[in-house]
Amino acid sequence: QALAASCPNLTVIYVDDTQVTDVGAQALAAACPTLTEIGLGNTQTTDVGAQALAASCPNLTHFYLHDTSVTSTLWRRIKATRPGLMLYSPYLSSTFW
């Protein structure tokens with residue numbers, strides 16, 4: 001949360017393999033709308049945090065959420081509403097779609 005608040009112009013961030021939760025993802029979404037690429041693999045992020053980022057960061061082009069609790073239902077919903085967003089999905093044999 002502190003990082004998000006202090007870097008409003010942040011465009012790329014990878015916090016894979018950390019203890020980031022939905023609260024941290026929501027803080028990034030609220031404070032860093034200019035994000036273009038984010039890696040939250042192997043974190044405690046769920047559908048709540050992933051949805052906040054997808055909805056609040058219109059410039060997001062690459063979204064890495066492997067090894068999280070994000071559901072395939074949300075992945076499909078994000079892809080349907082953000083067709084240009086590249087998602088790294090464990091539900092698709094670790095490929096982009």
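Student: Let's start with Asn42. Where does Asn42 lie?

Tutor: Asn42 sits in the loop between β2 and α3. Keep in mind as we go that this is a predicted model.

Student: What is the phi of Asn42 near, and how open is this residue?

Tutor: Phi of Asn42 is near 55 degrees, which is a positive value in a residue other than glycine. With a relative accessible area of 39%, Asn42 is partly exposed. Asp67 also has a positive phi, about 55 degrees, although it is not a glycine. You'll find Asp67 in the loop between β3 and α4. Asp67 counts as exposed, because its relative accessibility is 52% and the cut-off for exposed is over 50%.

Student: Okay, let me step back. How many helices and strands are there in the protein?

Tutor: The protein has 4 helices and 5 strands. If you follow the sequence, the pattern reads α-β-α-β-α-β-α-β-β.

Student: And what share of the 97 residues do buried residues make up?

Tutor: They make up 41% of the 97 residues. Here is another way to look at the fold: take the contacts between residues at least 6 apart in sequence, and 55% of those join residues at least 24 apart.

Student: How should I read a nonpolar core?

Tutor: Start with the general idea: in soluble globular proteins, nonpolar side chains tend to be buried together. In this structure, the largest nonpolar core has 27 residues, and those with the most contacts inside it are Leu28, Leu35, Ile38, Leu40, Leu53 and Phe63. Helices α2 (22-31), α3 (47-56) and α4 (72-81) each supply at least two residues of this core.

Student: Can we pick one of those residues? What does Leu28 touch?

Tutor: Leaving out residues up to four places away in sequence, Leu28 touches Ala4, Ile13, Leu35, Ile38 and Leu53. Leu28 is also one of the buried residues in α2, along with Asp22, Gly24, Ala25, Ala27 and Ala29. Their cover includes α1 (2-6), β1 (12-14), β2 and α3.

Student: Which residues of α3 are buried, and what do they pack against?

Tutor: In α3, the buried ones are Gly49, Ala50, Ala52, Leu53 and Ala54. They pack against α2, β2 (37-39), β3 (62-64) and α4.

Student: What about a charged residue, such as Lys79? Is Lys79 buried or exposed?

Tutor: Lys79, in helix α4, is buried yet has no salt bridge. The nearest side chain of opposite charge is Glu37, and that is 15 Å away. Look at Leu85 too: its backbone oxygen lies 3.3 Å from a polar atom of the Lys79 side chain.

Student: Now the rings. How do I read an aromatic pair?

Tutor: A pair of aromatic rings is described by two things, the distance of the centres and the angle of the planes. This structure holds 2 aromatic pairs. Tyr14 and Tyr64 form a tilted one, with 5.7 Å from centre to centre and 45 degrees between the planes.

Student: Why does the pair of Tyr14 and Tyr64 tie together parts that are apart in sequence?

Tutor: Tyr14 lies in strand β1 and Tyr64 in strand β3, so the pair ties together parts that are 50 residues apart in sequence. Tyr14 counts as partly exposed at 40% relative accessibility, whereas Tyr64 is buried, with a relative accessible area of 17%.

Student: And what does Tyr64 form with Tyr88?

Tutor: Tyr64 and Tyr88 form a tilted aromatic pair, 6.2 Å centre to centre with 35 degrees between the planes. Tyr64 belongs to strand β3 and Tyr88 to strand β4 (residues 86-89), so this pair ties together parts that are 24 residues apart in sequence. Put together, the ring pairs link Tyr14, Tyr64 and Tyr88 into a cluster.

Student: One last stop: where does Leu10 lie, and what does Leu10 touch?

Tutor: Leu10 is in the loop between α1 and β1. Not counting residues up to four places away in sequence, Leu10 touches Cys32, Thr34 and Leu35. Thr34 is 24 residues from Leu10 along the chain, with 6.4 Å separating their C-alpha atoms.

Notes. Residues are numbered from 1 along each chain as its sequence is written. This is a predicted model: local features need pLDDT of at least 70, side-chain atom pairs count only at pLDDT 80 or more; totals for chains, interfaces and linings use all residues. Side-chain values use heavy atoms; hydrogens and water are left out. A nonpolar core is a set of buried Ala, Val, Leu, Ile, Met, Phe, Trp, Tyr and Cys residues joined through side-chain atoms within 4.5 Å. Buried means under 20% relative accessible area, exposed over 50%, partly exposed in between (1.4 Å probe, protein chains only). Contact means heavy atoms within 4.5 Å. Lys and Arg count as positive and Asp and Glu as negative; His and the chain ends are not counted. A salt bridge is a side-chain nitrogen of Lys or Arg within 4 Å of a carboxyl oxygen of Asp or Glu. A polar contact is a pair of N or O atoms within 3.5 Å; within protein, one must be able to donate a hydrogen and the other to accept it, and residues adjacent in sequence count only if both atoms are side-chain atoms. Rings of Phe, Tyr and Trp (its six-membered ring) pair if their centres lie within 6.5 Å; planes under 30 degrees apart count as stacked, over 60 as edge-to-face and the rest as tilted.
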